[in-house]
Amino acid sequence: MNEVQLLLAEKRTSLAALRTGIAVFALPLTVMSVLIATSKYYDFVHVMHLLLPLLSLCTALVLLGSYLITRSVIRIHRHDKHISEIKRKHSTIAEFID
């Protein structure tokens, strides 16, 4: 029973990392939509020295968010498989886990 509780705690941690990954992934999309919406108010050539570092930071955030999301989903599936194996081994505990 303690092993299942530990796996469920790790699954909650993976879900928190998934939520963080989604937030990190959404931030650059918001910044890009604001830049596109306000693009008629500035000339790209004159603000390129500001936009290039911003775009590289947005790219890094998208990559980090994608990594966190992928890693979390893989770990959640691994925890679910492990919990299913424990349910199969110990049928008396299986009714309490669902």
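How many positive and negative side chains does the chain have, and how far apart do the centres of the two sets lie?

1. The chain has 11 positive and 7 negative side chains, with the centres of the two sets 4 Å apart. Positive covers Lys and Arg and negative covers Asp and Glu, leaving out His and the chain ends; each charge is placed at NZ of Lys, CZ of Arg, CG of Asp or CD of Glu.

2. A word on the basis: this is a predicted model, where local features need pLDDT of at least 70 and side-chain atom pairs count only at pLDDT 80 or more, while totals for chains, interfaces and linings use all residues. Residues are numbered from 1 along each chain as its sequence is written, and side-chain values use heavy atoms, without hydrogens and water.

3. The chain holds three helices and zero strands (DSSP runs: H or I of at least four residues for helices, E of at least two for strands, numbered from the N terminus). Its radius of gyration is 21 Å, well over the 13 Å that the globule rule gives for 98 residues, so the chain is more spread out than a compact globule (the radius is over C-alpha atoms; the rule is 2.2 Å times the number of residues to the power 0.38). The C-alpha trace spans about 70 × 20 × 15 Å along its principal axes.

4. Helix 1 takes up residues 2-37 and reaches 53 Å from its first C-alpha to its last, close to the expected 52 Å (1.5 Å times one less than its number of residues). Its buried residues include Val-4, Leu-18, Gly-21 and Pro-28 (buried: under 20% relative accessible area, 1.4 Å probe, protein chains only). Across the 98 residues of the chain, 20% are buried.

Technical notes: Buried means under 20% relative accessible area, exposed over 50%, partly exposed in between (1.4 Å probe, protein chains only).
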